[in-house]
There are 2 protein chains.
Amino acid sequence: MPQDRAPTRIQKKNRAAILEAALNVFSAHGFRGATVDQIATEAGLSKPNLLYYFPSKEAMHEALLAELLDTWLDPLRALDDSGEPLTELLAYVHRKLEMSRDYPRESRLFANEIVQGAPRIYQALSEDLKALVDDKVALLESWMDAGRIARVHPYHLLFSIWSLTQHYADFDVQVRAVLGDEDPFDGADVFLDTLYRRLLSPHPN
Amino acid sequence: MPQDRAPTRIQKKNRAAILEAALNVFSAHGFRGATVDQIATEAGLSKPNLLYYFPSKEAMHEALLAELLDTWLDPLRALDDSGEPLTELLAYVHRKLEMSRDYPRESRLFANEIVQGAPRIYQALSEDLKALVDDKVALLESWMDAGRIARVHPYHLLFSIWSLTQHYADFDVQVRAVLGDEDPFDGADVFLDTLYRRLLSPHPN
DNA sequence: CGTGAGTTTGACCAGTTGGTCAAATAGCTA
DNA sequence: TAGCTATTTGACCAACTGGTCAAACTCACG
């Protein structure tokens, strides 16, 4: 096992290669469907060598999820209470859609974990995620109270943003099978902009 | 292997028990993560007995998916070109949300398959699904041309309905972790109704 | 260039996997 | 109830699984 000191050049390179390979395999097959051999091969290492850097398959998965959850929520954290409400929300939607385009493997890793009941991540959901969401929901409600955006169920508003944007990463195959050659993300960007403008623009009544 | 004649009483009972168990296990763990032993135990049969009814793990999965895809698209097929457009679409959204509430395992089985690249179902997507979608998109476009609903990208409109409704089945754990005790489907029903009314109501400009 | 730490590997292990098979049992019908 | 078919099972198999270990190799640094 690598010591607890500053990582060597080789440790840095191999750890990165392993996490990269693990992300590929876990996101493509889920935790139980992934094999250590497959990850090792993809990382260009022997299996015992891989297990020299991470003590178990579980540990690799954990490392990936821990890193992921933090960056995954950054776009929501960035929702700024001093900005123009509709602009802020549209920017959030845009950022989330960008993440689906640029980090589809991360999105699918997360999707696999949640679809299968989030056995390894439930606590983080009901604590960290919930806390952040509750905080941002308060902001949304203050915007609605002030009549700056239309009143809708704030939790479901957030769910809708997650679902609509992550869909383009998680269900990419299906989207492309239906769309053919057309780029999904160009159309999605326009569509989602329209959708949230119409949903959230303050209503006269 | 059971003969090709009419299924006996025992065959009917056991096949049904196996498919029920297989649905549980596949939807919870994905194809590679599911084990034949687990399915057999859950169906109350021994493993060899299970393999007497289905020749392989693959065959069970196939049987489930084949049955699923058909019923899964029924709500879309029911979109009626002689109805009132907005009413028809809201009814479609409502039916899809109901399916997420009443058949979450089926939704997750499908989600698992798609997230992992649809290796066993891609052909059906790019043929049957695409054909049906193309057909219904033509209907949507005719409604938009006639100014009976607002003009949006029709494919992304359908994607949005799939994603928003299936989210409540596939990401159920996450939704409940955030919402706490509140019933997700009550709020979702109202939210989605509002969303699609605002998105699709014909606009003056 | 020697030496100790860091790295890599082949051989191995016990448990699990999907699947087979012959033999035993249960069910049905003449 | 005899005899045939349908059903069930224990024992088994080869391949694969996650993981271990001692021995070998490589590297950085004095």
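**Figure 1. Salt bridge between A:Arg105 and A:Glu20 in the predicted model.** The closest N and O atoms of A:Arg105 and A:Glu20 are 2.9 Å apart; a salt bridge is defined here as a side-chain nitrogen of Lys or Arg within 4 Å of a carboxyl oxygen of Asp or Glu. Between domain 1 of chain A and domain 2 of chain A, the count is 1 salt bridge. The model is predicted, and local features need pLDDT of at least 70, side-chain atom pairs count only at pLDDT 80 or more, while totals for chains, interfaces and linings use all residues. Residues are numbered from 1 along each chain as its sequence is written, chains are lettered from A and ligands numbered from 1 in the order in which they are written, and side-chain values use heavy atoms, with hydrogens and water left out.

**Figure 2. Contact between domain 1 and domain 2 of chain A.** The domain assignment gives domain 1 (1–55) and domain 2 (64–200) of chain A, with bounds that come from an automatic or database domain assignment. Taken over C-alpha atoms, the centres of domain 1 of chain A and domain 2 of chain A are separated by 30 Å. Domain 1 of chain A contributes 9 residues to the contact and domain 2 of chain A contributes 8 residues, contact meaning heavy atoms within 4.5 Å. The two domains of chain A bury about 860 Å² between them, and 61% of this area is on carbon and sulfur atoms; buried area is the accessible area (1.4 Å probe) that two parts lose on being put together, summed over both. On the side of domain 1 of chain A, the residues that lose the most area to domain 2 of chain A are A:Leu23, A:Ser27 and A:Phe31, together 57% of what that side buries. Between domain 1 of chain A and domain 2 of chain A, 3 residue pairs are in polar contact, with both residues at pLDDT 80 or more. A polar contact is a pair of N or O atoms within 3.5 Å; within protein, one must be able to donate a hydrogen and the other to accept it, and residues adjacent in sequence count only if both atoms are side-chain atoms. The side of domain 1 of chain A that touches domain 2 of chain A has 5 nonpolar, 3 polar and 1 charged residues; Ala, Val, Leu, Ile, Met, Phe, Trp, Tyr, Cys and Pro count as nonpolar, Asp, Glu, Lys and Arg as charged, and the others, Gly among them, as polar.

**Figure 3. Protein surface near DNA strand D.** DNA strand D is surrounded by 20 residues, the closest being A:Arg9, A:Lys47, B:Thr8, B:Gln11 and B:Tyr53; a residue is near a molecule or strand if one of its heavy atoms lies within 4 Å of it. Sugar or phosphate accounts for 58% of the atoms of DNA strand D within 4 Å of the protein, and bases for the rest. Phosphate oxygens of DNA strand D lie 2.6 Å from a polar side-chain atom of B:Gln11, 3.0 Å from an N or O atom in the side chain of B:Tyr52 and 3.2 Å from a polar backbone atom of A:Ala34. At least two residues of this surface are supplied by each of α3 (47–53) of chain A, α1 (9–33) of chain B and α3 (47–53) of chain B. Helices (H or I, at least four residues) and strands (E, at least two) are DSSP runs, numbered from the N terminus. The largest share of the surface near DNA strand D, 4 residues, comes from α3(B).

**Figure 4. Protein surface near DNA strand C.** Among the 20 residues that surround DNA strand C, the closest are A:Thr8, A:Gln11, A:Tyr53, B:Lys47 and B:Lys57. A polar side-chain atom of B:Lys47 lies 2.8 Å from a base nitrogen of DNA strand C. Phosphate oxygens of DNA strand C are found 3.2 Å from a backbone N or O atom of B:Ala34 and 3.3 Å from an N or O atom in the side chain of A:Ser46. With 4 residues, α3(A) gives the most to the surface near DNA strand C. The residues of this surface divide into 8 nonpolar, 8 polar and 4 charged.

**Figure 5. Interface of chain B and chain A.** In this interface, 56 residues of chain B are in contact with 56 residues of chain A. The area buried between the chains is about 4,900 Å², of which carbon and sulfur atoms give 67%. In chain B, the residues losing the most area to chain A are B:Arg32, B:Val178 and B:Arg198, together 15% of what that side buries. The count between chain B and chain A is 0 salt bridges, whereas 21 residue pairs are in polar contact across the interface, both residues at pLDDT 80 or more. On the side of chain B that touches chain A, α8(B) gives the most, with 12 residues.
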